[in-house]
Amino acid sequence: MKKPKAAEPGSVINSELRKQMLETARALEDASSWVIFSHIKLDGDAIGSSTALFEAGLNQGKRVRWMGFDPVPPNYSFLPHVDKHIIRKKYKFDSEDDLYIFLDSANESRGVEGLKERSPRTAVVNIDHHEDNTLFGTLNCVDAEASSTSEVLWRIMTAANWPITQTIAECFYTGVTADTGWFAFTNTTSTTHLMAADLLAKGVDPPRIYSCVRNNRSIEGLRLWGLAFLRIFRWGESGQFAMTWLTRRDFAAVNAVASETEMLINQIMTIQDVSFAVLLTDDEETGQVRASFRSKEGIVTAATVARSLGGGGHSRAAGAQLAFPLADAIQIVRETVEKAYAEWAVTDR
Ligand SMILES: [Mn+2]
């Protein structure tokens, strides 16, 4: 079980990691054209870190482009450069590009296809915090202890003495609060709070960011959550497991978009005595079922269950894509959770 880290001032960090961070900053400084890539279904951390880097790039006179698979959810539209996010299913690698930067992507498949055929002179920078990151970049700066990619990037910019303006600070604050659930999840460390203090000192107004991100729901999204809530069922010896699902028809019925499921699974985790939550979503584009998992401390991890279904992620927040019809997926996930729990109960309890 991962315990929160002991106090570690932001300026004093592991020397190997600090070296990687400075190398990463130098590679960024040396390139004149950056292309930032976001993973599918981009979340608050991916958006916060990408917009922070976009702004920093413009401040340094770079040509910056930002690509992704999915639209930025409307509650993040208050951030700078969101209007410049280009939806490109398959970006054609361009020999003019100096640097490809993947943020918050555990592997390249979450970024863009065709990376292998890229111009050999173009470096790939991989900045992330997923513990299962495949280190696919030519330069990898991955800190699995960090709460978020925003935190890793903040440390890179701080180590390299890049100016962190109020605008950049607002992007970072949005990213770090998204991944830590406003500093409530177990990935929150003393460094995370040092980062938050630094961002506030640079002019971030937390109630404003909270209001933009959270009190900005669409009624369609809330209705979608309602459908998911009505279906929640619990099982296990003490009802410790809870699951719900959403079909394509549900999204159509309430006119909701795919991004409306962000944070939904965390609501399931607020049920008394539930320590493992599952959300299954029928994915219209892939024809597959997307499974999301959350686990509390002291129970089989979300990552264990996700991995046994061919997925991955963080220990307490993970997911997998299942190539089964929804009804089968529900049964398979139920059995996988039970099996993983039984194995965990024997060995780790
Ligand atoms: Mn993240």
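Guide: A quick rule to begin: two strands pair if DSSP finds at least two bridges between them. Helices (H or I, at least four residues) and strands (E, at least two) are themselves DSSP runs, numbered from the N terminus. This is a predicted model, where local features need pLDDT of at least 70, side-chain atom pairs count only at pLDDT 80 or more, and totals for chains, interfaces and linings use all residues. Residues are numbered from 1 along each chain as its sequence is written.

Visitor: How do you know that strand β9 and strand β10 are joined?
Guide: Pairing takes at least two bridges, and 7 bridges join β9 (residues 276-282) to β10 (residues 289-295). So β9 and β10 count as paired, and they run antiparallel. As an example of who faces whom, Asp282 stands opposite Val289 in β10.

Visitor: Which sheet do they sit in, and what makes a strand an edge strand there?
Guide: They belong to an open sheet of 6 strands in the order β7-β8-β9-β10-β12-β11, with mixed pairing. An edge strand pairs on one side only, and here that describes β7 (233-235) and β11 (312-313). Helix α11 (residues 326-347) packs on this sheet, touching β8 (241-246), β9, β10 and β12 (317-322). Touching means that C-beta atoms, placed from the backbone, lie within 7 Å. The direction of α11 makes about 160° with that of β9; axes are lines fitted to C-alpha atoms, for helices over the stretch in contact, and angles run from 0 to 180 degrees between N-to-C directions.

Visitor: What is the order of strands in the sheet with parallel pairing?
Guide: That open sheet of 6 strands goes β3-β2-β1-β4-β5-β6. Its edge strands are β3 (85-87) and β6, and the twist averages 25° from one strand to the next. Helix α1 (residues 15-30) packs on the sheet, touching β4, β5 and β6.

Visitor: What holds strands of a sheet together, in general?
Guide: They pair through backbone hydrogen bonds, either parallel or antiparallel. Here, 5 bridges join β4 (residues 99-103) to β5 in parallel, and 4 bridges join β5 to β6 (residues 139-142), again parallel. Asn126 of β5 is the bridge partner of Phe102, and Asn126 also stands opposite Asn140 in β6.

Visitor: Why is Asp104 called buried?
Guide: A residue is buried if 20 or more other C-beta atoms (placed from the backbone) lie within 10 Å of its own, exposed if 12 or fewer, and partly exposed in between. Asp104 has 30 C-beta neighbours inside 10 Å, so it counts as buried. Asp104 lies in the loop between β4 and β5, and its phi is near 65°, a positive value in a residue other than glycine.

Visitor: And how does Phe183 count?
Guide: Phe183 has 14 C-beta neighbours inside 10 Å, so it is partly exposed. You'll find Phe183 in the loop between α4 (166-180) and α5 (190-201). Phi of Phe183 is near 65°, a positive value in a residue other than glycine.

Visitor: What makes strand β5 mostly covered?
Guide: In β5 (residues 123-128), 5 of the 6 residues are buried. Strand β1 (residues 33-37) is mostly covered too, with 4 of its 5 residues buried.

Visitor: Why do the buried residues of α7 line one face of the helix?
Guide: The buried ones are Gly221, Leu224, Trp225 and Ala228. Seen down the axis of α7, they fall within an arc of 100°, so they line one face; the arc is that of the directions from the helix axis to the C-beta atoms. On the other side, Ile219, Leu222, Gly226 and Leu230 are exposed. The buried residues pack against β8, α8 (248-254) and α9 (264-268).

Visitor: Which residues touch the most other members of the largest nonpolar core?
Guide: A nonpolar core is a set of buried Ala, Val, Leu, Ile, Met, Phe, Trp, Tyr and Cys residues joined through C-beta atoms within 7 Å. The largest has 48 residues, and Ile36, Leu53, Tyr100, Ile101, Leu153 and Phe172 touch the most other members. Apart from it lies another core, of 38 residues, including Val274 and Phe293.

Technical notes: Two residues are in contact if their C-beta atoms, placed from the backbone, lie within 7 Å.
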